[in-house]
Every structure is written in structure tokens, then in C-alpha cells.
Amino acid sequence: MDLADMRKQKGLTQEDMAKVLGISRPAYTNIETNRRKPSVKIAQKIGMILDFDWPKMYEDAAK
């Protein structure tokens with residue numbers, strides 16, 4: 001799963017995502033680059049906006 005590619009396919013910038021999610025652009029960048037995992041609430045919103053199964057964001061962390 002590559003959030004950056006999915007976001008770009010939707011024609012959205014990191015700033016667009018951050019505004020919709022109610023977080024800062026640097027915070028969104030950290031999520032997109034896998035430096036930080038989002039809260040479940042934010043993950044659900046990202047999944048809805050980018051149309052993907054949001055629990056997959058946590059699969060790598062579980063391994």
C-alpha cells in the first residue's frame with residue numbers, strides 16, 4: 001500500500017489531505033511515509049478518502 005500514489009491518483013496534495021483530516025501537513029507526511037501510525041479515527045478517514053481498506057495500515061506493524 002502506497003498512500004502517496006493513492007493520494008496522487010485522486011488529485012490530492014498532502015496539504016489537501018491534512019486539511020480534510022484536521023491534522024498538520026507534517027503529521028500527514030509522517031503517516032504517508034510510515035514514520036507514524038495514525039489513530040484509528042484518522043486511518044478510517046484516510047481509507048474513506050482514498051478508497052482502501054484502512055486496517056491494512058496496521059498490518060506491517062503487526063509483523
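This is a predicted model: local features need pLDDT of at least 70, side-chain atom pairs count only at pLDDT 80 or more; totals for chains, interfaces and linings use all residues.
Q: What makes Gln 14, Met 17, Ala 18 and Leu 21 of helix 2 count as residues of one face?
A: These four residues of helix 2, which spans residues 14–21, are buried, a word that requires a relative accessible area under 20%. Viewed down the axis of helix 2, the buried residues fall within an arc of 100°, so they line one face of the helix. On the other side of helix 2, Lys 19 and Val 20 are exposed, a term that calls for a relative accessible area over 50%.

Q: What covers the buried residues of helix 2?
A: The cover includes helix 1 (3–9), helix 3 (25–32) and helix 4 (40–50).

Q: Which residues make the contact of helix 2 with helix 4, and how do they divide by type?
A: Helix 2 contributes Met 17, Val 20 and Leu 21, while helix 4 contributes Ile 42, Lys 45, Ile 46, Ile 49 and Leu 50. By type, the residues of this contact comprise seven nonpolar, no polar and one charged; Lys is among the residue types that count as charged.

Q: How do you know that the buried residues of helix 4 line one face?
A: The buried residues of helix 4 are Ile 42, Ala 43, Ile 46, Gly 47 and Leu 50. Seen down the axis of helix 4, they fall within an arc of 140°, and therefore they line one face of the helix. These buried residues pack against helix 1, helix 2 and helix 3, whereas Lys 41 and Met 48, on the other side of helix 4, are exposed.

Q: Which residues does Leu 12 touch beyond its neighbours within four places in sequence?
A: With those neighbours left aside, Leu 12 is in contact with Arg 7, Met 17, Ile 49 and Leu 50. Leu 12 and Leu 50 are 38 residues apart along the chain, and their C-alpha atoms are separated by 9.6 Å.

Q: Is Lys 8 buried or exposed, and what value decides this?
A: Lys 8, placed in helix 1, has a relative accessible area of 55%, and because exposed means over 50%, Lys 8 is exposed.

Q: What makes Asp 51 count as exposed, and what is noted about its phi?
A: The relative accessible area of Asp 51 is 63%, and since the cut-off for exposed is over 50%, Asp 51 is exposed. Asp 51 follows helix 4 and is found in the loop between helix 4 and helix 5 (59–62). Its phi is positive, about 60°, although Asp 51 is not a glycine.

Q: Where is Asn 34 found, and what is its phi?
A: Asn 34 is found in the loop between helix 3 and helix 4, and it has a positive phi of about 65° although it is not a glycine.

Key. Residues are numbered from 1 along each chain as its sequence is written. Side-chain values use heavy atoms; hydrogens and water are left out. Buried means under 20% relative accessible area, exposed over 50%, partly exposed in between (1.4 Å probe, protein chains only). Helices (H or I, at least four residues) and strands (E, at least two) are DSSP runs, numbered from the N terminus. The arc is that of the directions from the helix axis to the C-beta atoms. Contact means heavy atoms within 4.5 Å.
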